[in-house]
Amino acid sequence: MTKIVPLAQILKALPDIDVVAEIERGFVALSEGKVEVPPVGELLFPDENGELHIKYGAVHGDDVFVVKLATGFFNNPKLGLPPFSGCMLVLSAKTGQVLSILLEEGELTNHRTAAAGAVVARHLAPSRLDTIGICGAGVQARLQADYLRRVTQCRDLVLWARDVERATEAVRDIAGMGYKARVAASPREVAASSQLIVTTTAAHQPYLLADWIRPGTHITAMGSDTPEKNELDPLILKSAALVVADSIPQCLMRGEIRAAIAAGALRPEGIVELGNVIAGKAGPRLPGDITVADLTGVAVQDIMIAKAVVARTI
């Protein structure tokens with residue numbers, strides 16, 4: 001019989017899961033060729049500023065595989081609704097039967113995305129990290145700050161967003177996590193203040209420019225997960241000593257790497273995959289290097305977090 005797991009039960013199980021470690025193991029398995037990840041299914045609703053992503057895959061040898069439906073409707077906050085929703089289906093890799101339906105309403109996607117940012121910071125953040133910079137004021141701005149506490153000692157943070165009121169609210173929430181947090185007047189101020197920058201917006205035009213980035217800066221770009229979105233000036237990737245993809249095949253089709261290649265600023269053969277950085281097969285970064293990680297969100301993250309939740313909700 002199919003087990004339906006409601007959000008409340010999922011949220012109760014999450015604190016018992018080391019999400020960062022699970023996602024880290026998933027990226028290594030992906031880069032070792034142990035995970036089947038078909039191309040992302042996508043359906044756009046431009047009139048509603050909405051999108052649906054279907055991500056699915058299987059780890060070789062597992063008893064289960066996972067299909068995820070994730071929506072982002074970015075006008076929802078004006079309607080008093082959360083911007084993200086969705087569910088994950090866990091199916092038997094032996095019979096194809098649906099074993100569990102996780103009614104996660106976007107929460108597991110949010111946590112596995114934030115955990116990927118923490119994984120990147122663990123392996124690519126500068127050794128001297130005085131200030132973290134975040135661009136954006138939504139759910140991921142807050143969750144990235146939350147998860148970065150798990151892998152860095154830095155508690156100084158500057159945040160920029162186009163909407164000053166939303167930026168102020170996000171800074172207030174992040175200060176409640178123990179950060180000394182403040183609002184920046186511009187992305188340029190974030191670049192001038194921070195050694196680790198995380199971009200979390202759904203921008204369709206670059207707002208973080210290459211001339212502003214100081215030597216030694218690492219940038220994790222996780223807002224651009226479709227071919228249309230773009231947060232970084234392609235010249236940032238051109239100047240980077242290390243450009244890291246969560247999945248090279250996926251980043252050739254969407255995200256900052258796709259945009260930089262299209263602009264003639266980056267060659268595909270220069271890209272390395274995150275799992276290989278974690279495994280010590282690529283890198284390390286030198287103190288003065290600019291590095292960029294492009295996180296488009298890969299099905300292996302959904303597989304890892306879904307399996308961990310199912311194991312704790314049987």
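Arg112 is buried, with a relative accessible area of 3%; buried means under 20% relative accessible area, exposed means over 50%, and partly exposed lies in between (1.4 Å probe, protein chains only). The model is predicted, so local features need pLDDT of at least 70 and side-chain atom pairs count only at pLDDT 80 or more, while totals for chains, interfaces and linings use all residues. Residues are numbered from 1 along each chain as its sequence is written, and side-chain values use heavy atoms, with hydrogens and water left out.

**Salt bridges**

A search of the whole structure gives 16 salt bridges, a salt bridge being a side-chain nitrogen of Lys or Arg within 4 Å of a carboxyl oxygen of Asp or Glu. The table lists some of them.

| Pair | N to O distance |
|---|---|
| Lys68 and Asp302 | 3.1 Å |
| Asp302 and Arg112 | 2.8 Å |
| Glu269 and Arg267 | 2.7 Å |

Asp302 takes part in a salt bridge with Lys68 and in another with Arg112. Because its relative accessibility is 1%, Asp302 counts as buried. Lys68 is buried as well. Asp302 lies in helix α11 (residues 299-312) and Lys68 in strand β5 (residues 64-73), so that this pair links distant parts of the chain, 234 residues apart. Helices (H or I, at least four residues) and strands (E, at least two) are DSSP runs, numbered from the N terminus. Arg112 belongs to helix α3 (residues 107-124), so its pairing with Asp302 ties together parts that are 190 residues apart in sequence.

Glu269 and Arg267, by contrast, are both exposed. Elsewhere, salt bridges that share partners join Glu51, Asp225 and Lys229 into one network.

**Helices α4 and α5**

Helix α4 (residues 139-148) packs against helix α5 (residues 164-175) at an angle of about 25°, and their axes are 10 Å apart. Axes are lines fitted to C-alpha atoms, for helices over the stretch in contact, and angles run from 0 to 180 degrees between N-to-C directions. The angle makes α4 roughly parallel to α5, a term for angles under 35 degrees. The crossing of α4 past α5 is right-handed, meaning that the near helix is turned clockwise from the far one by less than a right angle.

On the α4 side, the contact (heavy atoms within 4.5 Å) is made by Ala141, Arg142 and Ala145. Glu169, Ala170, Asp173 and Ile174 make it on the α5 side. Four of these contact residues are nonpolar, three are charged and none is polar. Here Ala and Ile are among the residues that count as nonpolar, and Asp, Glu, Lys and Arg count as charged.

Key:
Parallel < 35°, antiparallel > 145°, perpendicular 65-115°, else oblique.
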